[in-house]
Amino acid sequence: MQDEYRTVARAGVHETEINRSRFLCALAPAATEREAQEFVAAVRKEHADATHNCWAYVIGADASTQKASDDGEPGGTAGVPMLQMLLRRDMRYVVAVVTRYYGGVKLGAGGLIRAYGGAVGEALDSLGTITRRRFRLATVTVDHQRAGKVQNDLRATGREVRDVRYGEEVTIEIGLPDADVPAFRAWLADATAGAAGFELGGEAYGDA
């Protein structure tokens, strides 16, 4: 697994005009290829009257799935430059759709490549990006008496408390960088006089 990846901070649309053609770049985070395809379908439906709805998406922290479409523009002048812009910016789990309303002036192959790639770059600048880092899920089990102090101490030391469940004991789910696990075990044993349980879970990504 990659240690971190970047994705778009939020879904949104950025519009630009080039030689009387309108270019609307819709960007969204997408956890799966299906989500990306559904977003493309939704934008195509919304702009069914547009000249072109070209798209590109990158799924996987290691960019394992990459797809693009020129949607009727000359081959390699729309989808591929869009995809290249996403990859150049190290974007993952993201989908981009550039909708073009033709304004009567032909841009030529070079102009189209610059327009479609540029529309994605401008949209990324406008909407912003976030970095997500890999961490281990871990579960701390502690008695009710110590639970409040442990939670406060976790937050005070910058640990991300993801979930708290109350039963016979209190179960606190946290996220830890792999490298911090040994030091955290020692800290927890010291903070609770060895009374807390600690169990490592799977891996996930969270905001850096």
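1. Helix H1, residues 33-46, lies across strands E3, E4, E5 and E6. It runs at about 165 degrees to E4. Helix H2 lies across E3, E4, E5 and E6 as well, but runs at about 35 degrees to E4. Keep in mind that this is a predicted model.

2. The sheet under discussion is open and has five strands. Their order is E2-E3-E6-E4-E5, and the pairing is antiparallel. E2 (12-18) and E5 stand at the edges. Each has a single partner strand, so one side of each is left without a neighbour in the sheet. From one strand to the next, the twist averages 15 degrees. As background, strands of a sheet pair through backbone hydrogen bonds, either parallel or antiparallel.

3. Next, the strand pairs. E2 and E3 run antiparallel and are joined by seven bridges. Within this pair, Glu-17 has Arg-22 in E3 as its bridge partner. The hairpin of E2 and E3 has two residues between the strands. There, Asn-19 takes a positive phi near 45 degrees.

4. E3 pairs with E6 over eight bridges, in the antiparallel sense. Ala-28 stands opposite Val-95 in E6. E4 and E6 are also antiparallel, with seven bridges between them. Here Ala-56 faces Ala-96 of E6 as its opposite residue.

5. How much of E3 is buried? Seven of its nine residues are, so the strand is largely enclosed by the rest of the structure.

6. Now the packing. The largest nonpolar core holds 26 residues. Cys-25, Leu-27, Met-82, Leu-86, Val-98, Tyr-116 and Val-120 have the most contacts inside it. H3 supplies the largest share, eight residues. A second, separate core has 16 residues, including Leu-154, Leu-176, Val-181 and Ala-196.

7. Which residues does Tyr-116 touch, not counting residues up to four places away in sequence? The list is Phe-23, His-52, Cys-54, Glu-73, Thr-77, Ala-78, Met-82, Val-98 and Arg-100.

8. H2 and H3 pack at an angle of about 35 degrees. Their axes are 8 Å apart, and the crossing is right-handed.

9. Just after the helix, Asp-90 takes a positive phi of about 60 degrees.

10. Is Thr-77 buried or exposed? Its relative accessibility is 4%, and the cut-off for buried is under 20%. Thr-77 therefore counts as buried. The residue is found in the loop between E5 (65-69) and H2. A polar atom of the Thr-77 side chain lies 2.6 Å from the backbone oxygen of Pro-74.

11. Where does Thr-77 make its contacts, leaving aside neighbours within four places in sequence? They are with Asp-70, Ala-109, Leu-112, Ile-113 and Tyr-116. Thr-77 and Leu-112 are 35 residues apart along the chain. Their C-alpha atoms are separated by 5.7 Å.

12. One more threonine. Thr-171 lies in strand E9, residues 170-176. With a relative accessible area of 16%, Thr-171 is buried. Not counting residues up to four places away in sequence, Thr-171 touches Thr-139, Val-140, Thr-141, Asp-163, Val-164 and Arg-165.

Notes:
Residues numbered from 1 in each chain as written. Predicted model: local features only at pLDDT ≥ 70, side-chain atom pairs only at ≥ 80, totals over all residues. Heavy atoms only, no water. Core = buried A, V, L, I, M, F, W, Y, C linked by side-chain atoms within 4.5 Å. Buried < 20%, exposed > 50% of the residue type's maximum accessible area, 1.4 Å probe, protein only. Helix = DSSP H or I, 4+ residues; strand = E, 2+ residues; numbered from the N terminus. Contact = heavy atoms within 4.5 Å. Polar contact = N/O pair within 3.5 Å; in protein donor to acceptor, adjacent residues only side chain to side chain. Pairing = 2+ DSSP bridges. Axes fitted to C-alpha atoms, helices over the stretch in contact; angles between N-to-C directions. Left-handed = near helix turned anticlockwise from the far one by under 90°.
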